[in-house]
Amino acid sequence: MNQASINYRKLQAPPGNGDCFIEPPISESQSYIHANHQRFAAFADIEIGGLSFTALRQQARDEIITAGREHTQTYLDLTHTEVIETTSIVLTGHQPTLFHAGVWFKNFCLDHIAKHTQSLAINLIIDHDLVKSTSIKVPSQTGNTVTLKTIAYDVTAASNRIETTGIQDENLFNSFPQRVADQLNVFVEDPLLESFWKLAQQAPTDIIGHKFSHARHQLEHRLGMNSLDVPFSTLCRGASFARLLLHLMKNAARFHKVYNAAICEYRKVHRIRNPGHPAPELEILSDRIELPLWSWTSSTAQRQRLFCQVTAEQLILSDLPASFELRLDLAASSSECVEQLQAWQQTDIQFRSRALLTSMFSRLLLGDLFIHGIGGGKYDQVTDQIIFEFFGQQPPLFSIATATLGLPVPLPNDGSTAIAAATVDLRHLQFAPDKYLRRLEQLGIILDAQQAALLIEKQQLLKDSRAMTDKQAWHQAIEKINQDIRNTLPAAAAQLESHRQQMEITQNERTLLQSREFPFLLFPLKTLATLLETGLKTP
């Protein structure tokens with residue numbers, strides 16, 4: 001069986017406000033699920049961590065449904081959420097941050113696909129990542145000038161793992177809505193900021209990321225959406241994840257080779273020089289092979305890379321600073337090794353997958369169809385290649401969904417054409433001022449007698465035979481008449497430059513306000529929901 005190598009795909013967010021990107025169309029999602037079931041069947045006899053692939057998928061399915069119910073029922077009524085044995089699972093996921101509306105669009109797609117295919121919708125809270133920021137950017141107006149103002153909802157914690165980061169500054173967190181509103185009220189009426197923040201404050205957790213997830217999830221249910229939320233950190237402590245980890249440990253050398261080859265091929269195809277994109281290559285340090293996981297203990301505030309050493313009798317796990325060394329006896333059964341891996345995570349040591357392994361685990365074992373955004377859709381070409389080369393089977397298909405939404409604010413007129421014209425005028429004024437005079441004529445401006453005479457003289461000079469015989473004299477004559485024309489327009493250059501600068505300021509404000517990166521909580525809920533629902537109906 002052959003599969004094509006990684007191909008170049010130019011995936012970009014849709015450019016226009018209100019535009020959406022969904023691949024495949026929601027109407028075809030059932031065929032994707034059916035195709036994935038056929039692909040999963042081809043994995044059936046592969047053993048992973050002591051279980052057949054089919055048995056491991058069932059274990060992972062049971063774990064994610066149980067974890068989803070246990071987590072979600074702490075703040076939502078799940079009375080009407082039924083799951084039967086044959087129900088498919090559709091997944092999406094993102095870090096629990098104050099992301100832009102295009103990211104939230106995935107959850108709207110999740111709901112529609114699940115309802116269209118009669119599947120269970122589950123959102124993975126990617127809480128095993130790091131807190132990248134504790135602030136957002138908000139449009140602010142000072143006088144007649146629009147800028148971006150950075151407003152913090154908390155201070156940075158010493159340990160910046162999302163799953164363990166609680167509120168550091170209660171006053172800063174609680175005052176956040178008012179400080180944002182002080183800047184935003186001039187632009188947006190009734191943003192969902194206040195209602196979202198109240199839900200976050202009332203959430204039965206101290207973890208900021210989980211507070212944000214609870215608030216978002218409750219808003220979704222108020223809009224008629226039906227799904228479960230699951231912290232990915234919970235799944236990383238489960239038996240199915242431990243079995244996959246055990247499988248990677250036992251096959252560390254081969255997986256290392258496959259993983260790095262896929263990353264290198266992606267970089268080659270996409271002409272990427274950044275060694276960290278889409279992910280760093282795994283290293284081998286002496287006889288220790290790096291795995292695509294993070295680890296940490298209470299004594300290591302920052303997460304560390306995880307390494308595995310394979311000997312004839314043991315599998316030895318350690319982090320880069322060697323703050324711990326864990327040994328699994330190869331004479332023990334797979335189930336005993338899995339129990340030990342889980343037991344370690346009940347004490348002081350945690351294992352968390354990195355991006356590509358998170359995607360591989362989710363797509364292969366947790367669900368029947370995964371919905372990525374643009375970024376995930378790009379890098380999962382690498383995951384596809386890893387799955388194919390490591391397991392020898394075609395990877396499951398995935399969907400891609402995103403949207404571009406700008407704040408519902410009045411925008412300055414588009415001045416890009418006028419700016420380009422002013423730039424051309426300035427260049428003509430410097431190098432060919434006769435062309436600038438011609439443009440004035442086209443605009444209906446009557447030239448004075450001197451300007452008209454200079455235009456005729458310049459035209460005659462351009463036809464002068466000295467251009468071929470005495471280029472230096474001809475060039476000097478051209479420069480003189482150009483200067484004579486400019487002298488008839490003493491203030492033109494300064495006026496044009498001032499006008500262009502003002503237009504550029506206005507155009508920059510337009511670009512700023514059009515950004516798709518503003519957090520979803522700055523939008524009015526009704527406006528945002530309408531736009532996102534409209535996008536789902538677009539063929």
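The model is predicted, so local features are reported only at pLDDT of at least 70 and side-chain atom pairs only at pLDDT 80 or more, whereas totals for chains, interfaces and linings use all residues. Residues are numbered from 1 along each chain as its sequence is written, and side-chain values use heavy atoms, with hydrogens and water left out. Helices (H or I, at least four residues) and strands (E, at least two) are DSSP runs, numbered from the N terminus.

Helix α2 has 20 residues. From its first C-alpha to its last, α2 reaches 28 Å, close to the 28 Å expected at 1.5 Å a residue; the expected span is 1.5 Å times one less than the number of residues. The buried residues of α2 are Phe53, Leu56, Arg57, Ala60, Arg61, Ile64, Ile65, Ala67, Gly68, His71 and Thr72. Here buried means under 20% relative accessible area, exposed means over 50%, and partly exposed lies in between (1.4 Å probe, protein chains only). The arc is that of the directions from the helix axis to the C-beta atoms.

Helix α2 (residues 53–72) packs against helix α11 (residues 355–366) at an angle of about 105 degrees, and their axes are 8 Å apart. Axes are lines fitted to C-alpha atoms, for helices over the stretch in contact, and angles run from 0 to 180 degrees between N-to-C directions. The two helices α2 and α11 are therefore roughly perpendicular to each other. Angles of 65 to 115 degrees count as roughly perpendicular, those under 35 as roughly parallel, those over 145 as roughly antiparallel, and the rest as oblique. On the α2 side, the residues that meet α11 are Phe53, Leu56, Arg57, Ala60, Arg61 and Ile64; on the α11 side they are Arg363, Leu364, Leu365 and Leu366. Contact means heavy atoms within 4.5 Å. The residues of this contact divide into seven nonpolar, no polar and three charged. In this division Ala, Val, Leu, Ile, Met, Phe, Trp, Tyr, Cys and Pro count as nonpolar, Asp, Glu, Lys and Arg as charged, and the others, Gly among them, as polar.

Helix α15 (residues 449–462) has 14 residues and spans 20 Å from its first C-alpha to its last, close to the expected 20 Å. Gln451, Leu454, Leu455, Lys458 and Leu461 are buried in α15. Seen down the axis of α15, these buried residues fall within an arc of 130 degrees, so they line one face of the helix. Ala449, Ile456 and Gln460 are exposed on the other side of α15.

Pro139 is found in strand β6 (residues 135–142) and is buried, with a relative accessible area of 0%. Pro139 and Lys149 are ten residues apart in sequence, and their C-alpha atoms are 6.2 Å apart in space. Thr150 is found in strand β7 (residues 145–152) and is partly exposed, with a relative accessible area of 46%. Not counting residues up to four places away in sequence, Thr150 touches Ser135, Ile136 and Lys137. The C-alpha atoms of Thr150 and Ser140 are separated by 9.5 Å.

Val131 lies in the loop between β5 (120–125) and β6. With a relative accessible area of 25%, Val131 is partly exposed. Residues touched by Val131 are Asn160, Arg161, Ile162 and Thr165, not counting those up to four places away in sequence. Val131 and Ile208 are 77 residues apart in sequence and 9.8 Å apart in space, C-alpha to C-alpha.

Most residues other than glycine have a negative phi, and most peptide bonds are trans. The peptide bond from Glu23 to Pro24 is cis, with omega near -5 degrees, and Pro24 lies in the loop between β1 (20–23) and α1 (29–42). The bond from His277 to Pro278 is also cis, with omega near -5 degrees; Pro278 is placed in the loop between α9 (252–270) and β9 (284–285). Arg271, found in the loop between α9 and β9, has a positive phi of about 55 degrees although it is not a glycine. Arg271 counts as exposed, at 79% relative accessibility. Ala322 has a positive phi near 60 degrees and is found in the loop between β12 (314–319) and β13 (325–329). At 52% relative accessibility, Ala322 counts as exposed.
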